[in-house]
Amino acid sequence: MNFTRQDFPEGFQFGVATSAYQIEGHGVGGAGQTHWDSFAATPGNVAKGENGATACDHYHRMDEDLDLVAGGNFDVYRFSTSWARIMPEGRGPVNQQGLDFYDRLVDGLLERGVKPALTLYHWELPSPLADAGGWCNRAMADWFADYVDVVAGRLGDRVWSAAPINEPWCVAWLSHFEGHHAPGLRDIRAAARAMHHVLLCHGRAIEVMRSHGMGNLGAVCNFEYAQPVDDSPAAHRAARTFDAIYNRFFLGGLFRGAYPQAALEGLAPHLPDGWERDFATIGQPLDWLGLNYYTRKVIGPTGGAWPGYAYQDGPLPKTDMGWEIYPDGLGHFLRLAHEHAPDLPLYVTENGMAAPGIRDEDRIAYVDAHLAQVRAALAKGLPVAGYYLWSLLDNYEWALGYDKRFGLVHVDFETLDRRPKLSYERLKLALTRP
Ligand code: FCB
């Protein structure tokens with residue numbers, strides 16, 4: 001690493017992130033079925049048909065994994081609770097075993113001097129709620145509020161920070177318009193409803209958590225830089241539409257009580273009735289804003305129906321995901337986030353790369369390059385307060401299964417043995433406390 005902790009302001013938080021379905025092993029501990037289980041069981045959706053039934057078996061290896069977090073000198077551990085582990089039917093009865101697991105997780109972090117950063121939804125929707133329309137159904141706001149109430153009641157006194165939903169764009173657009181994630185829909189009406197309901201659920205969850213006296217509440221959005229494929233007006237227009245849907249829709253809803261015009265052009269006819277009235281709930285005051293950032297997209301026009309853009313192959317070096325490495329984009333989005341939320345501290349809540357191998361010099365260079373953007377932003381006075389790596393462990397990379405390795409720690413998916421990579425060792429040194 002080309003930095004140390006001392007190159008950052010006092011109190012800057014370095015963290016590492018995971019999510020429930022990607023590491024725990026959903027097949028154990030009384031967790032209910034989720035839409036990811038059935039999505040993965042449908043041929044053609046996930047590489048090799050893999051699912052999260054075993055994943056990293058974190059459910060049984062939590063202590064070892066928390067030792068790795070603490071041993072890497074990280075200040076914060078960002079994790080998620082699984083709705084279906086806590087409420088197997090999505091509503092009603094609570095699986096005490098599941099809640100106890102997260103209770104031990106939070107205490108285990110605190111005992112090790114690591115701050116627990118909770119996310120309440122990282123994509124595994126309980127199947128009975130998916131059957132009832134999932135994110136397309138406005139009732140999600142009530143169901144989610146009930147689940148958040150249960151988690152807040154048990155963990156709210158000890159978590160350091162909390163965010164309701166990981167990456168609204170993926171929950172809504174990637175999953176209901178592009179069809180790449182569960183529930184695998186390609187339907188503009190479903191997508192528009194999900195785009196709005198995901199924000200409504202966010203707002204309701206913030207209200208519930210505040211009512212429990214919880215503080216340090218935020219939102220975690222993902223961003224990809226929109227690079228027009230050429231200088232034509234059509235390419236610029238296509239990139240603007242992409243940028244509105246991907247990057248500006250959720251910021252607009254959260255901080256401006258409005259959706260960008262370039263997104264409404266196609267979505268307005270499909271939004272649920274009375275959507276404008278929900279901004280009072282959606283725009284709950286927040287304590288921080290989280291950015292997940294990995295890459296950019298090169299965008300060209302299709303000449304076809306709205307949204308009328310297509311992803312093109314880009315010229316920059318790529319990660320194992322095929323994602324172009326474009327650190328400048330992180331600087332761009334820190335500025336955009338600050339424009340929307342000038343009073344809030346910003347956290348990079350995910351950043352990292354998929355790369356094979358244990359001597360992962362490429363990952364080290366990727367992290368260095370992105371942290372250089374963070375330092376440049378800090379030098380210009382932007383209130384960046386933390387940076388979290390994705391991810392602690394190689395894990396279930398959703399539709400791409402177990403082949404894409406984002407971990408600082410290698411996982412052998414036959415034996416489930418953990419082995420720190422070079423990046424982990426280097427970070428541990430860089431983050432040594434004086
Ligand atoms: C993000 C997700 C995370 C992981 C990384 C690579 O979009 O939040 O679960 O899949 O991408």
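Me: Hi! Is Cys 221 buried or exposed here?
Reply: Hi! This is a predicted model, and in it Cys 221 is buried, with a relative accessible area of 3%.

Me: And Cys 170, buried or exposed?
Reply: Cys 170 counts as buried, because its relative accessibility is 6% and the cut-off for buried is under 20%.

Me: OK, how many disulfides does the structure hold?
Reply: Zero disulfides. Cys 170 is in none, and its nearest cysteine sulfur, that of Cys 221, is 11 Å away. Likewise, Cys 221 is in no disulfide, with the sulfur of Cys 170 as its nearest, 11 Å away. A disulfide needs the two sulfur atoms within 2.5 Å.

Me: Thanks! Switching to the ligand: which pocket does it take up?
Reply: The space taken by the ligand is the largest pocket.

Me: Nice. Which residues surround the ligand?
Reply: Here you go: Gln 22, His 122, Trp 123, Asn 166, Glu 167, Tyr 294, Glu 350, Trp 390, Glu 397, Trp 398 and Phe 406.

Me: How does that shell divide into nonpolar, polar and charged?
Reply: Five of the shell residues are nonpolar, three are polar and three are charged.

Me: Which polar side-chain atoms lie by an oxygen atom of the ligand?
Reply: One belongs to Gln 22, at 2.7 Å from a ligand oxygen. Glu 350 has a polar side-chain atom 3.0 Å from an oxygen atom of the ligand. For Trp 398, an N or O atom in the side chain is 3.0 Å from a ligand oxygen.

Me: And how much of the ligand's surface does the protein bury?
Reply: The protein buries 95% of the 300 Å² that the ligand exposes when taken alone.

Notes: Residues are numbered from 1 along each chain as its sequence is written. This is a predicted model: local features need pLDDT of at least 70, side-chain atom pairs count only at pLDDT 80 or more; totals for chains, interfaces and linings use all residues. Side-chain values use heavy atoms; hydrogens and water are left out. A residue is near a molecule or strand if one of its heavy atoms lies within 4 Å of it. A polar contact is a pair of N or O atoms within 3.5 Å; within protein, one must be able to donate a hydrogen and the other to accept it, and residues adjacent in sequence count only if both atoms are side-chain atoms. Accessible areas come from the Shrake-Rupley method with a 1.4 Å probe; for residues, only the protein chains shown count as cover. On a 1 Å grid over the protein atoms alone, a cavity is a set of points where a 1.4 Å probe fits but cannot get out, and a pocket is an open set with protein on both sides within 12 Å along at least five of seven lines; lining residues have an atom within 4 Å of a point. A molecule sits in a cavity or pocket if more than half of its atoms lie within 2 Å of its grid points. Ala, Val, Leu, Ile, Met, Phe, Trp, Tyr, Cys and Pro count as nonpolar, Asp, Glu, Lys and Arg as charged, and the others, Gly among them, as polar. Buried means under 20% relative accessible area, exposed over 50%, partly exposed in between (1.4 Å probe, protein chains only).
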